[in-house]
Amino acid sequence: FLGGNCFAVENISYSGTDAQKGVFRNGLSSVNAEEGVILSTGNVRDAVGPNNEANTSGKFTSVKGDSDLRSLLPPGSAAIKDVVILEFDFTPTIDNISFEYIFASEEYCEYVDSRFNDVFGFFISGPGITGSKNIAKIPGTSTNVAINSVNFKATKQYYNTNVPGWSALSGGCSLGEIFTRAKFKDDIEFDGFTTVLTAESEVIPCETYHIKLVIGDVGDNAFDSAVFL
């Protein structure tokens with residue numbers, strides 16, 4: 001995930017089931033990233049195409065919520081379930097760090113603007129940073145990455161629809177979305193996913209920082225979401 005030999009990494013911890021974490025390869029034809037780490041609210045093996053389900057769901061109860069992730073949601077949002085957390089400390093040798101990621105979900109498109117607002121957070125803390133800062137944002141904004149904030153509507157430039165034509169969805173996707181946009185359906189299960197986004201932060205070389213990656217289902221533990229890192 002970090003790549004190269006530029007960082008000292010230690011104190012790695014993980015919360016979730018073994019089925020919810022893994023590595024991916026051969027991702028250029030779908031998520032436009034060749035390989036990396038995947039964290040999912042369901043079983044990571046279910047990310048593999050073709051897209052033959054509209055509601056792929058892996059239900060886990062090991063971690064039910066997270067206060068940092070909750071802070072990214074609007075007040076009054078539903079409970080967070082199937083949470084996955086990967087944390088580690090690292091010491092950069094440069095003054096600016098960046099990480100590429102893709103957020104994907106089965107909640108697309110039919111549950112856009114609903115209470116099922118699955119969310120991803122990329123938190124960094126350490127010298128020069130106040131508190132724990134989320135650096136997973138829609139480009140050029142201060143908006144967090146979740147189903148209701150990046151989708152086929154206002155932020156469609158950062159979104160890929162993958163709903164196959166056989167899917168009989170109600171609401172959400174237009175007919176054009178359903179029948180013409182599923183060009184990745186053989187390569188990935190998720191019904192929609194973002195373009196490659198970048199999380200970045202200024203840091204102080206040779207100081208120690210903490211990163212926390214966390215993703216969760218909101219509202220119920222059905223319809224998986226994942227992040228490719």
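Is F228 buried or exposed? In this predicted model, F228 has a relative accessible area of 5% and is therefore buried, since buried means under 20%. F190, at 4% relative accessibility, also counts as buried.

The rings of F190 and F228 have centres 6.3 Å apart and planes at 90°, so the pair is edge-to-face. F190 lies in the loop between helix 2 (175-180) and strand 10 (192-194), while F228 belongs to strand 13 (residues 225-228), so the pair ties together parts that are 38 residues apart in sequence. Together with F24, F190 and F228 form one aromatic cluster.

A search of the whole structure gives nine aromatic pairs. One of them joins Y101 and F120, whose ring centres are 5.3 Å apart with 50° between the planes, a tilted arrangement. Y101 is in strand 5 and F120 in strand 6, 19 residues apart, and the pair thus links distant parts of the chain. Both Y101 and F120 are buried.

The largest nonpolar core contains 35 residues, and those with the most contacts inside it are L39, Y101, F120, F122 and I124. At least two residues of this core come from each of strand 3 (36-40), strand 4 (80-91), strand 5 (96-105), strand 6 (119-125), strand 11 (197-202) and strand 12 (209-218). Another core, of 14 residues, lies apart from it and includes A33, A47, I102 and A104. Beyond its neighbours within four places in sequence, F120 is in contact with several residues, among them L69, L72, Y101, F103, V145, I215 and L229.

A ring also takes part in a contact of another kind: the charged end of K21 sits over the ring of Y14, 5.3 Å from its centre.

Definitions and conventions:
Residues numbered from 1 in each chain as written. Predicted model: local features only at pLDDT ≥ 70, side-chain atom pairs only at ≥ 80, totals over all residues. Heavy atoms only, no water. Core = buried A, V, L, I, M, F, W, Y, C linked by side-chain atoms within 4.5 Å. Buried < 20%, exposed > 50% of the residue type's maximum accessible area, 1.4 Å probe, protein only. Helix = DSSP H or I, 4+ residues; strand = E, 2+ residues; numbered from the N terminus. Contact = heavy atoms within 4.5 Å. Phe/Tyr/Trp six-rings, centres within 6.5 Å; stacked < 30°, edge-to-face > 60°. Lys NZ or Arg CZ within 6 Å of the ring centre and 35° of its normal.
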